[in-house]
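Visitor: I have a structure to look at today. Can you walk me through it?

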Amino acid sequence: MANSNTPSGVGGKQIQSALISVFYKDGIDTIAKKLHSLGIIIYSTGGTQKFLEDNHIPCIPVENLTTYPSILGGRVKTLHPVVFGGILGRRYEEQDLQEMKQFNIPEIDLVIVDLYPFEETLKNTSEEKLIIEKIDIGGPSMIRAAAKNFKDVVVVAAKEDYASLENLLNEQSGSTTIEQRKTFASKAFQVVMNYDIAINNYFNPENTATQTNTAKQVLRYGENPHQQATFFGNLGELFTQLNGKELSYNNLVDVDAAVQLIGEFENGTAEKTFAIIKHTNVCGIAQRNAVKEAWDTALAGDPESAFGGVLVCNGVIDLTTANAINEIFFEVLIAPSFNADALQVLKSKKNRILLELKTEKLTVKNQSKTVLNGILSQQTDEGNYAEWKEVGGRQTSAEEKADLEFANIVCKHLKSNAIALVKNKQLIGKGCGQTSRIDALRHAIEKANQFKFELNGAVLASDAFFPFNDCVQIAHAGGVQAFIQPGGSIRDKDSIDYCVTNNLAMVITGTRHFRH
């Protein structure tokens, strides 16, 4: 049974037989015809066998090897010692060769298998029976077996690699080197890994794993020009890019922050939200009845920081808004829709990135990042507040409550320590990324004063508790009348007592929003 060029682990090896079993048939006929022209025996199963025969490509049914038909509604076709022995048999081990001869097991040198479309099925149905039936068993087993035995076997686990295989067949007449076989094996293990992760995420939605998606994009550079970077994922599921250069590493980080923020506000409401993001922090945001008004108000909050920012809106960008936005330099604009005349204006700068958002909210349930020699994973920070507990000297007014809810969301999207000052659903001052809460407050007040905002009647949100009552005192001295914070300090009473004494409103939410 041994091929003439064994042991094959040391170099080139001629493909003499192939097993083809694929769900998607497009492109496989070209490969199979080339294999047949090279005199390579083809084994096949079920629908693939019929497809090849319909295209006048000779093949041997796997049932001829196993002496078993496809059973259990197609659930069992290839799970048989003859098939797996042919894939896993080591051509350089004499005992393997003797056993293969004893049990009449043919060597299988090439395995072309793709997997049932599990993820595609998830997108199209929620019916459990249909989803479960698209969990492939034999496919991943054959792929893993062939990849494990890469010293002798070529494995192609995705149609994206058909072209590479076809080139090898054309240029090397069916001979492969061990380096080439190992490259195919590496890709195959990645295909199976991502497939298993998708299945895990279906069964464990609260404890999902991150796929190393086969869709990857090599970026120009990373956070800095001397750093290499790659994005793994499919941006086409989230956006249609209407204009501009390729998204950079820093663009992607800021776009992620922008989409997370805008997802906090419902798209269908009468009020529209416009926000400006800089280095993942909100530097301007406002909610108004019209998109143009929301833009003007958001920009007024900090027109200085808006330069070179990422803009995001949950309303349609019309011509009037586009003309106003066109007056400043920005990197990216994200919106659910653009009017045609607005697009014409915004496309006047060829590098300006315009993204049409396809989804109102990201569905990612977990976040991950590398730390030390491992990976941290956590649930995303969802929601605004767990409770609404009025503990101040008076109840909040309807207007204050609306501003406090808005301010708390904004503060959630600022780096800790963070303070947000809001008035009439406009961010008028913010302090973020500070090593003390009182420093964050001082920065927020300084920003508000810089752009001549009146703090009387403003509200304040803090991402974490007040360790002392100094923040409440300073903000009150500036004109702030209502506060929202998660509480939890052993000295909460100090801040609460100050609000009670001075007839200020204070809300305890029970939800901290640290962001590091």
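Guide: A nonpolar core is a set of buried Ala, Val, Leu, Ile, Met, Phe, Trp, Tyr and Cys residues joined through side-chain atoms within 4.5 Å. Keep in mind that this is a predicted model.

Visitor: How many residues does the largest nonpolar core have?

Guide: Nonpolar side chains tend to be buried together in soluble globular proteins. Here, V255, I285 and I334 have the most contacts inside the largest core. The size of that core is 42 residues.

Visitor: Which helix gives the most to this core?

Guide: Look at residues 249-262. They form a helix that gives seven residues to the core. That helix is α11.

Visitor: What is the volume of the second largest pocket?

Guide: Rolling a probe the size of a water molecule over the atoms shows where empty space is left. For the second largest pocket, that space is about 470 Å³.

Visitor: Which residues lie closest to the centre of that pocket?

Guide: The lining has 26 residues. By class, ten are nonpolar, ten polar and six charged. Closest to the centre are G74, R75, K77, Y116 and D136.

How values were computed:
Residues numbered from 1 in each chain as written. Predicted model: local features only at pLDDT ≥ 70, side-chain atom pairs only at ≥ 80, totals over all residues. Heavy atoms only, no water. Buried < 20%, exposed > 50% of the residue type's maximum accessible area, 1.4 Å probe, protein only. Helix = DSSP H or I, 4+ residues; strand = E, 2+ residues; numbered from the N terminus. 1 Å grid on protein atoms, 1.4 Å probe; cavity = no way out; pocket = protein on both sides within 12 Å on 5 of 7 lines; lining within 4 Å. Points joined across faces, edges and corners; volume = space filled by probe spheres on them. Nonpolar A, V, L, I, M, F, W, Y, C, P; charged D, E, K, R; others polar.
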